[in-house]
Amino acid sequence: MSRRFGAARLGREALMLLVACAFIFPFYVFFTVSMKTQAEVASNPLGLPTTLNLDNFATAWDRGDLGEAYLNSIVVVALSVLILVGFGSMAAYTLARRLSRLSTVAYLVFLVGLMIPLQLGMVPLYQFMNSANLLGTWTALILFEAGHQLPFTIFLYAGFIRALPREYEEAARVDGAGPVTMFRKIVFPLLRPITGTVVILTGITTWNDFLTPLLYVGGSSQQTLPVAIYAFRGEFATDWGVLFAGMAIAIIPLLIVYFFLQKYFIIGFASGIKG
Amino acid sequence: MSPITSQSRFTPSRRALLLGGAGFGALTLAACGGFVNDDDGGGSGDESGSGDGGGTVTAYLSTEQNTGIEPLVEPFTADSGVELDITSVAVPDMNQQLAVQLSSGTAADIFRVSPGYSSNVAAGVLGSGGDLLDLSDAAWAASIDDGTRALSDVDGKTFAFPVARNSLVMAYNLAVFDELGLEPPTTWTELLEVCQALTDSGRTAISHGLSGGAIYLQFYVYILAGTLLYGPNPDLDAQMRAGETSFTDEPGWTEVFTKYLELRDKGYFTDGALGVSPDQAMQDLATGAAGMTVLSNSGLPALYEYSETGAEAFSILAMPAGDDADATLMPTAPDFLAVNAAAANPDGARALLEFLAEPANVETYASALAVLPGLDVGAQVDNPALEPVLPLVDAGRTVSYANYLWPNGDVQQTMLQSGQQLYADEITIADLLTQMDAEYAKGTP
Amino acid sequence: MTSAVTTATSPRTTGPTPSGRSGRLTPGGVPYALLLPAFVLYAMVVLYPTLSGAVYAFTDWTGRADGTNFVGWANFGEIFSDVAARSALRNSLIIAVSVTVVQTLVGLALALALHTSLVTRNVLRTLFFAPALLPPVIIAFLWTFILTPQGPLNTVLRGLGLDLLAQNWLGDSSLALWTVIGVVIWQSAGLTMVIYLAGLQGIPTELNESAALDGASWWQRTRLVTVPLLIPATTVAMSLTLISSLKLFDQVFAMTGGGPGYATETLSVIMYKEAFVSGRFGYSTAIALVLTMIVFAFTMVQLGALRRFDVDR
């Protein structure tokens with residue numbers, strides 16, 4: 001029995017390793033290209049870089065002014081996510097706990113937001129931001145990112161809250177807590193696991209968003225990382241080494257954060273999905 | 001397993017949250033300038049000062065144009081007192097951005113436009129739509145050559161300024177040519193011979209990458225059409241506009257695509273070109289896996305980067321299309337700037353163009369990018385890379401890219417997409433030309 | 001139909017939620033005021049722009065101010081006669097169905113494998129999720145490089161003597177769509193995996209143990225115990241996948257531009273091209289509206305089906 005288990009397990013480990021290769025290989029390409037000169041990319045596309053060459057990273061950092069872009073990205077992501085968590089959890093709480101027709105319709109209205117192609121409202125929203133004199137500011141981006149990811153946030157929160165037993169709220173109400181106090185003191189702390197999920201998923205989306213940030217803050221000193229990095233692309237040719245180095249600078253923090261948050265993150269989904 | 005029990009096991013440390021919050025707060029305070037729009041903020045045109053003396057000119061340029069103009073920014077400000085506020089974006093993203101900005105009145109004072117009618121934001125399209133300032137009375141307007149004028153003017157009014165000209169050239173790997181003892185071909189027959197020799201040596205004769213939108217397909221069409229169609233008949237565009245002939249009716253168009261496919265059928269192009277990226281095609285030339293490739297000269301610096309020996313490894317030639325070497329024309333394309341009809345600082349924008357038109361500055365710009373000067377003002381450009389084709393330029397043996405005077409961008413788009421089907425033998429040349437005629441007939445939007 | 005949506009996402013599983021459905025808060029228990037901030041923001045940056053943008057679907061707007069005319073339903077009629085649009089519609093549906101089905105299965109398989117005591121599971125969880133962290137443009141470039149005819153993948157295949165499998169992955173019009181689908185699944189399978197891993201955490205281990213004692217094999221336990229309990233996770237995973245795959249744009253645009261020919265054109269890609277290459281904003285908006293309705297209809301059908309499955313069990 002234990003021998004069979006050992007063999008089966010070994011087989012499973014081996015199979016997963018094989019699957020892992022399919023996932024590692026593109027990343028291997030990604031990181032090696034970021035350390036190669038263009039000439040080395042051409043002559044030795046697959047091998048390891050012959051020297052540990054960090055020139056591309058330096059070039060990307062300087063030419064893209066990535067220090068400033070980092071600050072911009074962090075501000076935009078942090079505030080967007082803060083708004084999403086705050087507004088989204090409150091809204092989802094209401095939608096999940098009120099069982100009226102109005103609440104159902106409101107939930108549906110938010111859900112439709114998941115389905116609308118961005119392009120539909122692109123020009124009117126741009127004109128709105130312009131008339132509010134917000135182009136070239138973080139504010140425009142934060143409003144956009146937070147507004148557009150509310151449906152997703154509410155979708156996750158509402159599913160979670162519906163699974164949440166009501167005893168705590170009822171006990172708190174007996175103790176005389178008002179709805180707002182109850183949400184803040186009782187409900188929101190219970191939402192922490194799903195909040196972790198919301199933070200990571202909306203954070204990634206905002207961190208990587210490109211087209212709208214380009215439209216709103218492209219060329220200004222408020223531009224975010226992807227906007228700064230994609231500026232390395234040319235019409236007919238792109239220095240992929242520099243572009244990848246810039247992208248690596250941008251995503252390595254995400255990878256590290258994810259690695260350490262993953263347990264918390266998975267629990268978040270778990271509690272949201274299971275009652 | 002209620003959420004209560006599972007979450008309590010993984011409650012994040014309160015301290016971490018507090019720390020994060022505090023750090024974030026400090027950050028916000030340190031950089032609160034980004035939340036509101038002060039005047040040195042965004043790049044929208046309606047906020048730059050104007051009138052009083054110099055002010056600021058907002059400019060919306062391609063990445064390449066930005067490189068060319070960089071050495072001229074400070075001299076211009078010193079000379080005119082006008083500040084330049086430049087936003088630069090990669091061309092693939094530009095057209096979308098500019099379209100939205102124009103629709104909302106936020107476009108910069110001066111921006112890049114495509115030549116003729118070749119896109120939604122081309123000089124001809126925007127000029128006839130009233131979006132661009134009429135620049136006919138500028139001193140430099142007289143120095144625009146006729147080929148360029150056809151692409152910058154609408155009804156006798158000049159709407160665009162040529163900062164530079166690019167050309168379509170064939171680059172070849174010198175080491176490979178030396179090894180096989182090949183001479184640069186000057187006629188179609190010689191080209192086929194060189195290709196055969198390269199193929200016999202186990203190499204790809206012409207590296208060709210068509211994945212991701214097939215933008216390189218059009219280059220062969222413009223080169224072949226330039227020499228075979230527009231050379232003998234410079235009035236072709238007028239005739240097509242007047243409906244006297246069409247892609248289908250004009251036998252030259254069939255010849256153009258037949259010759260293109262001949263290169264494919266003889267196995268001279270990269271195997272599986274439809275799945276090869278343009279980057280890969282350039283790399284193959286650099287490593288000597290291929291002997292030749294066609295590209296815009298603005299792509300040459302990138303090609304050089306792919307070789308250890310840089311520019312030394314390559315030379316260029318004007319790709320022949322027929323058997324009279326003296327009849328070969330080289331397609332050239334102006335790279336345009338235009339002034340917003342609603343510019344906040346039109347005088348500053350005009351001053352910038354006048355400054356860029358000075359011969360010394362034309363030279364500086366062209367040298368920075370290793371391209372041909374845009375204006376015919378006698379600028380001497382020292383550019384060894386382009387030397388092999390300069391005699392053609394000096395002799396006026398250039399021709400526009402064929403698509404620039406097609407009435408809309410969709411004709412080109414159809415050629416690129418259905419052209420891939422042609423390359424895969426899913427449709428015939430006649431099918432393709434019929435489709436292009438249909439888009440042509442829709443006229444200018 | 002509306003009730004299907006609101007309840008499908010709520011877990012109706014065995015969880016002990018005694019007051020879950022019976023406990024009705026007194027009216028006014030949760031004030032609508034809590035909804036207000038979200039609604040104001042949502043109305044401002046999504047609802048209002050979308051509704052005012054939707055009007056353009058009935059015009060011939062070119063993106064510039066001058067000369068916009070109402071053209072009624074003409075733009076919608078054109079969608080069904082436009083070769084590129086029809087091809088895009090077909091491709092979008094193929095992508096949506098195959099990505100949703102395969103990604104769910106792959107994500108489930110990865111989750112089941114990593115829910116065990118593999119030594120490498122923490123690293124693998126990060127690794128399988130990592131592609132979801134990268135922007136699609138970068139993913140597209142990496143795969144274009146790997147899939148090029150003389151590129152790494154074909155080299156490996158030929159090295160293994162599998163010459164027949166070496167293909168022109170992106171250049172063959174009968175294959176390109178499936179290649180794109182594969183890349184999309186590669187990028188997002190980790191997301192589905194994470195959702196399933198979460199679902200698995202919630203399944204009491206006693207259930208599986210007692211089934212094992214009754215002599216049920218691993219496969220029987222998975223099929224009869226685990227998978228049915230994962231219906232709520234499936235609902236979340238499949239809805240998100242379906243919606244994003246129907247709207248697929250970035251990977252296609254960066255990898256194939258819709259080609260070769262029109263083989264990988266999707267609704268989002270032609271929507272973009274019509275607006276920003278051709279300057280036909282009106283027509284592009286009509287396509288966007290049709291896309292929205294398709295996404296809506298598919299999501300409703302899917303949520304309804306999954307809910308029935310869940311209730312029937």
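**A walk through chains A, B and C**

L141(A) sits in helix 7 of chain A, which spans residues 138-162; helices (H or I, at least four residues) and strands (E, at least two) are DSSP runs, numbered from the N terminus. The model is a predicted one, in which local features need pLDDT of at least 70 and side-chain atom pairs count only at pLDDT 80 or more, whereas totals for chains, interfaces and linings use all residues. Residues are numbered from 1 along each chain as its sequence is written, while chains are lettered from A and ligands numbered from 1 in the order in which they are written.

L141(A) counts as buried because 31 other C-beta atoms lie within 10 Å; the term buried requires 20 or more other C-beta atoms within 10 Å of the residue's own, with exposed meaning 12 or fewer and partly exposed in between, and the C-beta atoms are placed from the backbone. Leaving aside neighbours within four places in sequence, L141(A) is in contact with V76(A), P213(A), Y216(A) and V217(A), a contact being two residues whose C-beta atoms, placed from the backbone, lie within 7 Å. The C-alpha atoms of L141(A) and T224(A) are separated by 9.7 Å, although the two residues are 83 apart along the chain.

On the scale of the whole of chain A, the domain assignment gives domain 1 (2-33) and domain 2 (60-273), with bounds that come from an automatic or database domain assignment. The C-alpha centres of these two domains of chain A lie 33 Å apart.

In chain B, helix 15 (residues 359-369) has N361(B), V362(B), Y365(B), A366(B) and L369(B) as buried residues. Seen down the axis of helix 15 of chain B, these buried residues fall within an arc of 130°, so they line one face of the helix; the arc is that of the directions from the helix axis to the C-beta atoms. They pack against helix 3 (63-80), strand 6 (161-173), helix 14 (346-357) and strand 11 (372-373) of chain B. After helix 15 of chain B comes A370(B), whose phi is positive, near 55°.

Chain C contains 14 helices and 0 strands, and buried residues make up 52% of its 313 residues. Among contacts in chain C between residues at least 6 apart in sequence, 73% join residues at least 24 apart.
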